[in-house]
Amino acid sequence: MLGSRVRERVLAVDVRSQPGEWTLTQPGIAGGPVRVVFLGIGKEEDLTPERFRRFAGQAVRIAEQMRVDEVSVYVRPGGGLGARETAQAVAEGLALAAWRFTELKGPEDGLPTPDVSSAHVTMDAEYREQGGDGVRIGSVIARGENFARTLQSRPGNVATPSHLADEAARIAEELGLTSTILGPAGLRDERMHALLAVSQGSEEEPRLIVLEHRGAEDGSPPLVLVGKGLTFDAGGISIKPAKGMEEMKFDMSGGAAVLGAMQAIAELQVPLQVIGVVPSSENLLSGKAVKPGDIISSRSGKTIEVVNTDAEGRLILCDALDYARGMSPAAIVDCATLTGAVVVGLGHHAAAVLGTDDELVEELRAAGSTSGERCWPLPLWSEYRKQLDSPIADLVNVGGRPGGAITAAAFLREFVGDVPWAHLDIAGTAYGTEPLPYQRKGAYGSPTRLLVEWVRSRVP
Ligand code: BES
Ligand code: ZN
Ligand code: ZN
């Protein structure tokens with residue numbers, strides 16, 4: 001029912017004034033009613049892609065308030081950005097802001113949902129070609145991130161490991177990616193005992209999901225993206241408190257971002273070999289669950305004393321990282337909602353980045369600022385490794401309270417060998433309750449954009 005939805009357009013025009021301030025005019029333009037909003041974007045010298053993204057997001061929110069379903073924005077490049085980057089950021093902001101997770105909600109009473117169903121970017125004629133390019137790129141990236149958000153939003157009883165695998169296989173089929181999915185038998189053949197140990201307390205089978213984008217010559221060293229796909233984290237026998245536990249359906253956010261990024265990378269036909277790897281499991285409690293004190297083996301051969309079953313992310317990731325390492329990659333980047341400690345350290349405005357290769361860390365920081373999904377470095381000095389010593393196994397899975405996000409990364413580092421590797425701890429940034437203009441409460445899809453920008457930045 002379109003009842004109260006106004007069939008007209010909002011045209012948002014950028015004004016170099018206070019960001020967020022806006023005024024509305026309604027000139028009687030020939031060809032139909034158009035409302036024009038003059039929307040502040042900030043001073044010329046302060047303009048960044050993220051400013052344009054938020055500006056576009058706010059234009060969508062204003063249209064929603066007015067119950068208008070079509071938005072255009074008029075923008076001029078600024079802040080030293082080209083027309084392509086400007087248009088890309090605006091397209092991202094529009095498409096991300098318009099996304100909503102509706103698939104599990106019945107028809108609403110009263111007014112229909114004021115969703116914006118179409119959005120346009122308008123630029124002066126001289127920017128036509130580059131602007132068009134930017135809009136195409138930004139739309140693809142936003143679609144990838146929106147796919148990640150949809151997967152994140154699905155609850156644990158829907159988005160199980162096998163569901164994530166089915167979704168991965170579906171996009172592979174659609175986009176010409178190669179997919180390999182391992183279930184329990186395949187995981188046993190691969191000796192992925194750490195992933196199997198986490199899943200053994202659950203009725204849901206684990207999966208290892210592998211998607212390959214073959215954009216360059218076979219044999220050229222791939223970039224590997226690894227994402228934690230823990231579809232519900234109750235903590236296992238080291239059970240979490242009830243309050244807020246429902247948020248742990250988001251513990252697959254890293255995996256969702258990797259799948260979203262792989263979708264976008266395939267659609268953009270990036271001329272590189274790129275592989276996405278998502279280990280996926282639940283972390284529940286049962287008579288079969290792994291117990292504190294148990295010692296398990298891992299694909300690498302290293303043995304692990306599981307002191308706390310809630311530090312399960314590093315267990316499923318260590319097998320996936322060892323598997324990735326076997327692909328002789330140019331670099332591995334993993335992302336995971338790995339620790340509460342990173343939220344204490346950085347809050348909700350940046351992911352932590354840690355790694356074995358300073359150049360790679362710098363590349364990720366740069367991709368973070370281009371994409372607006374920022375990450376900030378924490379040290380990974382060898383001294384931290386001592387906190388993981390076990391008297392009876394090669395490693396313990398928790399390093400105590402001091403430097404919790406760092407010791408988690410130090411654990412992962414044990415499994416990547418000499419491959420340039422970096423880790424993004426996204427526990428504070430993948431979802432939340434204080435959204436930016438182009439986000440909504442809940443799933444943010446972060447760091448899909450960062451991953452795509454990083455991969456794009458590696459194109460020679
Ligand atoms: N999935 C959690 C980390 C998490 C915490 C994500 C808060 C999002 C928000 C992870 O598996 C976990 O439980 N980590 C423990 C590790 C601890 C036992 C060493 C944590 O951070 O408390
Ligand atoms: Zn946990
Ligand atoms: Zn977890």
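Which residues have the most contacts inside the largest nonpolar core? Select Leu225, Leu364, Leu424, Leu451, Trp454 and Val455: they have the most contacts inside that core, which has 54 residues. A nonpolar core here is a set of buried Ala, Val, Leu, Ile, Met, Phe, Trp, Tyr and Cys residues joined through side-chain atoms within 4.5 Å. Buried means under 20% relative accessible area, exposed over 50%, and partly exposed in between (1.4 Å probe, protein chains only).

A word on ground rules before you click on. This is a predicted model, where local features need pLDDT of at least 70 and side-chain atom pairs count only at pLDDT 80 or more, while totals for chains, interfaces and linings use all residues. Residues are numbered from 1 along each chain as its sequence is written, chains are lettered from A and ligands numbered from 1 in the order in which they are written, and side-chain values use heavy atoms, with hydrogens and water left out.

**Stop 1**

Helices (H or I, at least four residues) and strands (E, at least two) are DSSP runs, numbered from the N terminus. Now pick Leu451: leaving aside neighbours within four places in sequence, Leu451 is in contact with Leu225, Ala257, Val258, Ala261, Val333, Cys335 and Leu424. Contact means heavy atoms within 4.5 Å. Apart from this core lies another, of 50 residues, among them Leu196, Leu230, Leu321 and Ala336. In soluble globular proteins, nonpolar side chains tend to be buried together.

**Stop 1**

For the colouring, Ala, Val, Leu, Ile, Met, Phe, Trp, Tyr, Cys and Pro count as nonpolar, Asp, Glu, Lys and Arg as charged, and the others, Gly among them, as polar.

**Stop 2: α2 against α12**

Gln88, Glu92 and Leu96 of α2 meet Arg449, Glu453 and Arg456 of α12. This contact has one nonpolar, one polar and four charged residues.

**Stop 4**

Most residues other than glycine have a negative phi, and most peptide bonds are trans. Now look at Ser446 to Pro447, where the peptide bond is cis, with omega near 5°. Pro447 sits in the loop between β19 (442-443) and α12. Then try Arg67, in the loop between α1 (49-65) and β4 (68-74), with a positive phi near 55°. Gln269 also has a positive phi, near 50°, and lies in the loop between α7 and β10 (273-283). Is Gln269 buried or exposed? Gln269 is exposed, at 64% relative accessible area.

**Last stop: Ser369**

Select Ser369 in α10 (residues 358-371); Ser369 is partly exposed, at 46%.
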